[in-house]
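Try each task before reading its solution.

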Amino acid sequence: MLIHEAFGHLSKPDYIYENSRMEELLKLGQPVAMEKLNVVDDASINNLSG
């Protein structure tokens with residue numbers, strides 16, 4: 001839920017389109033948090049919900 005709220009809503013295309021700073025921050029592969037935080041969205045990983 002936290003990831004959805006923190007990143008999901010902010011990464012909606014209409015929001016990014018209207019906000020050039022967010023477009024720069026949310027490029028694919030661009031770090032957005034401290035190195036210790038790792039979030040993966042991959043439904044192909046076995047035995048995990050995702």
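**Exercise 1.** Find how many salt bridges the structure holds, and classify the residues that form the pairing.

*Solution.* 
- Step 1. The structure holds 1 salt bridge (a side-chain nitrogen of Lys or Arg within 4 Å of a carboxyl oxygen of Asp or Glu).
- Step 2. Its partners are K27 and E24, with an N to O distance of 3.5 Å.
- Step 3. Take accessibility: buried means under 20% relative accessible area, exposed over 50%, partly exposed in between (1.4 Å probe, protein chains only).
- Step 4. K27 has 45% relative accessibility, so K27 is partly exposed.
- Step 5. E24 also has 45%, so E24 is partly exposed.

This is a predicted model: local features need pLDDT of at least 70, side-chain atom pairs count only at pLDDT 80 or more, and totals for chains, interfaces and linings use all residues. Residues are numbered from 1 along each chain as its sequence is written, and side-chain values use heavy atoms, with hydrogens and water left out.

**Exercise 2.** Locate Q30 and list its contacts, leaving aside neighbours within four places in sequence.

*Solution.* 
- Step 1. Q30 sits in the segment after α3 (20–25). Helices are DSSP runs of H or I with at least four residues, numbered from the N terminus.
- Step 2. Q30 is partly exposed because its relative accessibility is 41%.
- Step 3. With those neighbours set aside, Q30 contacts E24 and L25 (heavy atoms within 4.5 Å).

**Exercise 3.** Is M34 buried or exposed?

*Solution.* 
- Step 1. M34 lies in the segment after α3.
- Step 2. Its relative accessible area is 61%, so M34 is exposed.

Terms used:
Helix = DSSP H or I, 4+ residues; strand = E, 2+ residues; numbered from the N terminus.
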